[in-house]
Amino acid sequence: EGEEERTQQDRQRRQRGYHVLDYVIERKSVDDLIDSIKSNRYGMQKHLLKKSGIPNLMYLVEGDVDSHNNAQTAKTALVRLGAQDGFTVLRTTGTNTTIATYKSMTRTVERLYSDAVGPTSSDLACPTLGDLDLSISEERSLSVREVFNVQLQHIPGIGKQVAGALVRKFPTPMSLWNGVMRDAEGEEGGAGGPDVKSAAEKLKFIPLGEGLNYRTIGETKATKIMNFLFNVPQAL
């Protein structure tokens, strides 16, 4: 235990000696991007990057997106990264062009920070690696509601507004099941099973915001959510 504590202290001292620049790049091959979207790693990684406090976030995708079997999934994710999440999206054709891109960006960053030497005020200093590690560790302790919100946004066609509306009403998957699916058991589903159409009816009128003029989740998206989360079969 004493050795483990000393190791942790040494690690913390080393982290205080390194500073994090204002740029970060997440690199993925097209296959890795698709796999991470399917496993929900993509949403959590994106969330942690956005919460890191680093102002310039970049996402580099290596490979031919257009020829991939899941090209539309990848393209939709990349459009959202730039338009909705504020990332700069970079595309390269392979390892060689990725390395060339890294070299070019390294030279640019070196020029930008060439005069940033010596003492500076604390509000202008870059965060240390320890500061970043602490902020990321805190963000990893997400509530079930926050994780559920992220999960919902990975359903194709379900954005931040719809996910937020749903978790305000049902903050966990279990509360959604208890509040919607349990009541739908045996309703037109056959063999006593829950019916997605009946369940979606209970979701579609949830408002996307406050006030009378706000739109609701709607039947199409409510049905998609039920099918994705609970794999509920359509009634015949």
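Predicted model: local features only at pLDDT ≥ 70, side-chain atom pairs only at ≥ 80, totals over all residues.
I started with Thr223, whose side chain reaches the backbone oxygen of Glu219 at 2.8 Å. Thr223 is found in helix α11 (helices are DSSP runs of H or I, at least four residues, numbered from the N terminus).

Residues are numbered from 1 along each chain as its sequence is written, and side-chain values use heavy atoms, leaving out hydrogens and water.

Next I turned to the nonpolar cores (sets of buried Ala, Val, Leu, Ile, Met, Phe, Trp, Tyr and Cys residues joined through side-chain atoms within 4.5 Å). The largest has 23 residues, and Leu203 is one of those that touch the most other members. Helix α11 is among the elements that give two or more residues to this core, but α8 gives the largest share, five residues. Beyond its neighbours within four places in sequence, Leu203 is in contact with residues including Leu166, Val180 and Met226 (contact means heavy atoms within 4.5 Å). I also found a second, separate core of 18 residues, Ile34 and Leu132 among them.

Last, I checked the largest pocket, which holds about 770 Å³ of space. Helix α3 gives the most to its lining, with six residues.

Note on methods:
Buried < 20%, exposed > 50% of the residue type's maximum accessible area, 1.4 Å probe, protein only. Polar contact = N/O pair within 3.5 Å; in protein donor to acceptor, adjacent residues only side chain to side chain. 1 Å grid on protein atoms, 1.4 Å probe; cavity = no way out; pocket = protein on both sides within 12 Å on 5 of 7 lines; lining within 4 Å. Points joined across faces, edges and corners; volume = space filled by probe spheres on them.
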